[in-house]
Amino acid sequence: MDADGSLDPADLVEVAGPVIDGRADLVLSARDAQRGAWPLHARLANRYLAWQVGRRTDLDLADIGPMRAVRRQALADLGMTDRRFGWPLEMVLRAGYAGWEVLEVRVPYRPREGRSKVTGTVKGTARAIRDMSRILSELPG
């Protein structure tokens, strides 16, 4: 999960629960954003990515999710390759391609403390676009 104050660590219990009790292989948070917590360009990009995931897999997601739960060995078995900004998208796509049970849990999303290295700068946004575009081209489904 992000460690910028936008998420409450207490919500990890609800996010991890379906993985712990075997109802899901991967659980993503779906942000219930407070006013001013999520910039418009980031919301639009996230909506586009969730649509791309749904178009390529059987997953119907509202959010790529900044808080997630998965068993360690299952994550290792996905064969993740991205070590930058494309990592969250790659995880969800690979999970969908593998036929995993993926659930979403709504969590409150508050304004962050400090400036985001991704959405808070033009350079960070450009890097995220580049990395996620690469993931979409490498994992076409």
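**Note on aromatic pairs and nonpolar cores**

1. In this predicted model, arginine 31 lies over the face of tyrosine 109, at 5.1 Å from the ring centre. Tyrosine 109 itself is buried, with a relative accessible area of 7%.

2. The aromatic pairs come to 2 in number. In one of them, the rings of tryptophan 38 and tyrosine 109 have centres 5.9 Å apart and planes at 65°, so this pair is edge-to-face, the cut-off for that class being over 60 degrees. Tryptophan 38 sits in the loop between strand 1 (26-33) and helix 2 (40-56), whereas tyrosine 109 belongs to strand 3 (residues 102-109), so the pair ties together parts that are 71 residues apart in sequence. Tryptophan 38 also counts as buried, at 12% relative accessibility.

3. For tyrosine 48 and tryptophan 51, the ring centres are 6.0 Å apart and the planes are at 35°, so the pair is tilted. Both residues lie in helix 2, separated by 3 residues, or about one turn of the helix, and tyrosine 48 is partly exposed, with a relative accessible area of 43%.

4. The largest nonpolar core has 21 residues, of which Val53, Leu61, Leu89 and Val102 touch the most other members. Two or more residues are given to this core by each of strand 1, helix 2, helix 4 (87-97) and helix 5 (122-138), and helix 4 supplies the largest share, 5 residues. Leaving aside residues up to four places away in sequence, leucine 61 touches Leu28, Ala50, Val53, Val92, Val102 and Glu104.

Terms used: Residues numbered from 1 in each chain as written. Predicted model: local features only at pLDDT ≥ 70, side-chain atom pairs only at ≥ 80, totals over all residues. Heavy atoms only, no water. Phe/Tyr/Trp six-rings, centres within 6.5 Å; stacked < 30°, edge-to-face > 60°. Helix = DSSP H or I, 4+ residues; strand = E, 2+ residues; numbered from the N terminus. Buried < 20%, exposed > 50% of the residue type's maximum accessible area, 1.4 Å probe, protein only. Lys NZ or Arg CZ within 6 Å of the ring centre and 35° of its normal. Core = buried A, V, L, I, M, F, W, Y, C linked by side-chain atoms within 4.5 Å. Contact = heavy atoms within 4.5 Å.
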